[in-house]
Amino acid sequence: MSSKVFSPLPINDQTCGWTQALPSRQPNATLQGEHTADFVIVGAGYTGLSAARKFAQLNPNAKVIIIDAQRAGEGASARNSGYLVDSTLNDGHMSDTGLQQYREKYALNKAGVDCVGQLVIDHKIDCDWDASGKFHATAVPAHESKLQRFSELLKELELTHRVISGTELNHRLGTSYYTQALWTAGGVMLQPAKLARAYIELLPDNVALYENSPVLTWRKQGMDFLVSTPMGQVKAPQLLMAVNGFMASAGLKRKRAFPLTLTASMTRSLNDAEYASIGSPKAWGLLSAQAMGATVRLTEDRRIMVRNTAEVWPSMNMSTRHLEQRKLIHLRGLKRRFPQLSDDIFDSCWSGITCISGNNGQVFDQLESKVLIAGCYNGGGIGLATLFGEQMAYLASGQTTDAIAMIQARPKPNTLPPQPLLSLGVRLRLIRDGIIARKEN
């Protein structure tokens, strides 16, 4: 097997609001020299950290090495909106086939929620856990039918939810922008960077974490894998690629998974007067009923996060200049909902990479070369990434579980068109969805 070149490499901005809210952390050493291990993992996000932790627990005499191109846990894992969800918005496929598919999707998402929840309980993880559910909402009366159909589906599955509108909704959110919302139980809001930081701290002693060590090439040599960084190399019989949106960069799943670049901005903590001006509501998290509509959160510490852009970005990571342009888009969205807030209230803006497939299928696979690969969570990364990482550890240990069977029973990502048609098609779809959702942003 010839060497595969890893390109492009991740280059995260340093302006993520979730990470900035935490105390600074001294990164682990970079990989230098030649190393051997029983299991090497590329990518120290939720998936890679969960796989390393579980494999080390299952194989206490094994040596595990996990490598990250930058700081562990500060890529997509720390940059998402902090939603840990079981039910996802669906227009309401009420046929037996559609209902069963949604039931299976819900069961997998619920397993991910439970997986994270058990870790939080067992290890007393402080991640601002808020199990008050989530809202799906619309600002356009014509889109309310989508919420009504979703409500019918949830009734069929006997999942707790409630449709809210009018004064009650305005008071709950602190804004009159939305005409209707559907609240679902089971959703959890959390601080994603805190959770990622905790996953690092939970790594057992037989795991060696190397940071700021981008993988340049990787290849199969005999029965082993050779993973090379600028100053070091790891040789191991088992390799897990836990790089999610950078799968194509590693030469993997190019026809199955596709990266998108998202941006978000977050305000400073509202002062007492500002908080009172929006009605002093409890913390909430809201997803748009329309694709490409804004995701908005009010955190427990009175910060408001807005995410309303998704783009095909050639280099994937954005420059400071481009982030400032996106911040203006986020500000327009904020002012639509809270016009009384000042124009300079955002104190952070960042980009992040998500990974999607054409049919919402996830990647959980062992290729012919025996390389393991997991990712493509289609927006459900906190729960699914944690679950998939743990189950990859069982798979690498030669064990089977009910969760593995559940994952493998789900549809695989379908085949995507070749480039450049793929990028063009995604761009056109995003433009179309953006036009439809223009009043939801």
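Trainee: How many residues does helix H5 have, and how far does H5 reach from its first C-alpha to its last?
Mentor: Helix H5, residues 144-156, has 13 residues and reaches 19 Å from its first C-alpha to its last, close to the 18 Å expected at 1.5 Å a residue. The expected span is 1.5 Å times one less than the number of residues, and helices (H or I, at least four residues) and strands (E, at least two) are DSSP runs numbered from the N terminus. Before we go on, keep in mind that this is a predicted model, in which local features need pLDDT of at least 70 and side-chain atom pairs count only at pLDDT 80 or more, while totals for chains, interfaces and linings use all residues. Residues are numbered from 1 along each chain as its sequence is written, and side-chain values use heavy atoms, with hydrogens and water left out.

Trainee: Which residues of H5 are buried?
Mentor: The buried residues of H5 are Lys146, Leu147, Phe150, Ser151, Leu153 and Leu154, where buried means under 20% relative accessible area, exposed means over 50%, and partly exposed is in between, with a 1.4 Å probe and protein chains only.

Trainee: And where do they fall, seen down the axis of H5?
Mentor: They fall within an arc of 160 degrees, so the buried residues line one face of H5; the arc is that of the directions from the helix axis to the C-beta atoms. An α-helix has 3.6 residues a turn, so residues three or four places apart point the same way.

Trainee: Changing topic, in what order do the strands of the open sheet come?
Mentor: Five strands form it in the order E1-E11-E12-E13-E2, with mixed pairing, and two strands pair if DSSP finds at least two bridges between them. The edge strands, each pairing on one side only, are E1 (4-5) and E2 (33-36). Two bridges join E1 to strand E11 (residues 217-221), and these two run antiparallel, with valine 5 standing opposite threonine 217 in E11.

Trainee: Is threonine 229 buried or exposed?
Mentor: Threonine 229 is buried, with a relative accessible area of 6%, and is found in the loop between strand E12 (224-228) and strand E13 (232-236). Leaving aside neighbours within four places in sequence, threonine 229 is in contact (heavy atoms within 4.5 Å) with residues including Leu31, Ile67 and Pro214.

Trainee: Which peptide bond joins glutamine 419 and proline 420?
Mentor: A cis one, with omega about 5 degrees, and proline 420 lies in the loop between helix H11 (402-409) and H12. The peptide bond from serine 7 to proline 8 is also cis, with omega near 0 degrees, and proline 8 lies in the loop between E1 and helix H1 (17-20).
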